[in-house]
Amino acid sequence: MAVHNSTAEAEDRKHPVDETLPPFKMFTSGLQHVAAMYAGVVAPPMIVGPAVGLSAKDTAFLMGASLFTAGIATLLQTLGFWRVGARLPFVNGVSFAGVTPMVAIGRDRGYDGIAVIFGAIIVASVLGFVLTPYFSKLVRFFPPVVTGTVITLIGVSLLPVAFNWSQGGNSTADDYGSMKNIGMAALTFLIVLALRKLLRGFMQQIAILLGLVAGTIVAVPLDMTNLDAIKDAGIVGFPTPFHFGAPQFEIAAIVSMCIVMLVCMTESTADMLALGRIVDRPADERTIEGGLRADTLGSAISPLFNGFMCSAFAQNIGLVAMTKVRSRFVVAAGGGILILLGLCPIAASVIALVPLPVLGGAGIVLFGSVAASGIQTLATAALEKGENALIVAAAVGIGLIPIAAPEFYHAFPEDALVVLDSGISTGCIVAIVLNLAFNHLGKRGSATEEDPSSAETGTAVAEPAAVH
């Protein structure tokens, strides 16, 4: 009878991904996710707006719209409906992969440029939605040797962003890289580490948020916060649909954004596999299909409210890995906060008070946690078998090129740079191709006997290690 009762309790117990937390914990944990990804959401419109010739006011409008649409995309991903949504603690926001082609499409064209960008995003997103069932079947080509490599590259590729924030974020500023900026980043970094060490329970889980608050408080008397954002912000500001005019459709722009969509789908697939392992709910084909549907549907809706293409935010995967808070409803709360920020500019400006050096110091811990998760996954990939170690070496080497030598591909066509300038994309492609070459092609029935880690998905090796 006791065994029967314990079995029934185990069946009734929700997976941590599906658990809800008390309201205060839900809000603060969700706010921590927003703080971790805020700069990443507003950075693309900050770049694209001036490049296409928009005024400061219109650029600020784009930033608010990006927050609003990121919230919608995050809710689609975490809560979902029908077959839409991975239903994992997965944050969606504006993709950096589209910045370069969007600038090329709309440069100095003003409202017409934005309209063409939005038209291309809509078409690319609809096509991506249609292709999702077929794209998701590629999951069997993402064994631990591939996913571990990609997760590691995600973390390593994000670290330069944290380093840039730590220096001040604007390379043309006089104080870029000053001891003051780097010192503030170092202080925040140490505060986060100390809080993680000294605190327990829920307070330990929101150490990043507490570190950001503490760093911002220290930065106020040092004149490192910009209070003008609050003074000039309105209380209510709805992102009026088609604020910049009806979308326009140009073939060259559509082709460019279709390439970006494929890149985003590839990165999102790798991110979902990574997050699935971190939360102990491996992402299967159906999960990935739902996640990609949420990505593409969110991206298709986004231009209606003046937002850009949405995809996964890898930095928030690091936050999940570090805090151990696996509830998707926490991230959904973060999505609700993003929508509120998009509708209330003055609320968004409060988050914007966090100086970039403070965010950079915390980001080093966050992004390093992603890389650590990748290394942990590689530990299950049986690198001593076959050519798995060679696959990792080659993929990491190619993936590090855009990080170690940013101008390496400067002579290549701009459309190619959409893929080549992303170490995550290039590393992922190399890892998949080499895994196919070494572990699939030419392998028949003996593959499983000779090298279990290289056959089909390789998950048979990874799962026992994860349980252990």
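Here is a chat about a predicted model of one protein chain.

Visitor: Hi! What should I know before I read the numbers?

Guide: This is a predicted model, in which local features need pLDDT of at least 70 and side-chain atom pairs count only at pLDDT 80 or more, while totals for chains, interfaces and linings use all residues. Residues are numbered from 1 along each chain as its sequence is written, and side-chain values use heavy atoms, with hydrogens and water left out.

Visitor: What does the chain average in pLDDT?

Guide: The average is 80, and 86% of the residues score at least 70. pLDDT is the predictor's confidence in each residue, from 0 to 100.

Visitor: Which helices have the lowest and the highest mean pLDDT?

Guide: Helix 22 (residues 459-467) is lowest at 34, and helix 17 (residues 388-399) is highest at 92. Helices here are DSSP runs of H or I with at least four residues, strands are runs of E with at least two, and both are numbered from the N terminus.

Visitor: Where does pLDDT stay under 50?

Guide: Residues 6-11 are one such stretch, with zero contacts beyond four places in sequence. Another is residues 445-468, with 33 contacts of that kind. A contact means heavy atoms within 4.5 Å. Where pLDDT is low, the predicted coordinates should not be read in detail.

Visitor: Which residues have the most contacts inside the largest nonpolar core?

Guide: Those are Ile 117, Met 257 and Phe 308, in a core of 100 residues. Helix 11 (residues 251-278) gives the most to this core, with 12 residues. A nonpolar core is a set of buried Ala, Val, Leu, Ile, Met, Phe, Trp, Tyr and Cys residues joined through side-chain atoms within 4.5 Å.

Visitor: What does Phe 308 touch?

Guide: Not counting residues up to four places away in sequence, Phe 308 touches several residues, including Pro 45, Leu 62, Met 102 and Ile 117.

Visitor: Changing topic: how many salt bridges does the whole structure have?

Guide: The search finds five. A salt bridge is a side-chain nitrogen of Lys or Arg within 4 Å of a carboxyl oxygen of Asp or Glu. In one of them, Arg 281 meets Asp 18 at 2.5 Å, N to O. Arg 281 sits in the loop between helix 11 and helix 12, and Asp 18 in the loop between helix 1 (2-12) and helix 2, 263 residues apart.

Visitor: What else does Asp 18 pair with?

Guide: Asp 18 also forms a salt bridge with Arg 328, the closest N and O atoms being 2.9 Å apart. Arg 328 lies in helix 14 (residues 328-343) and Asp 18 in that loop between helix 1 and helix 2, so the pair ties together parts that are 310 residues apart in sequence.

Definitions and conventions:
Buried means under 20% relative accessible area, exposed over 50%, partly exposed in between (1.4 Å probe, protein chains only).
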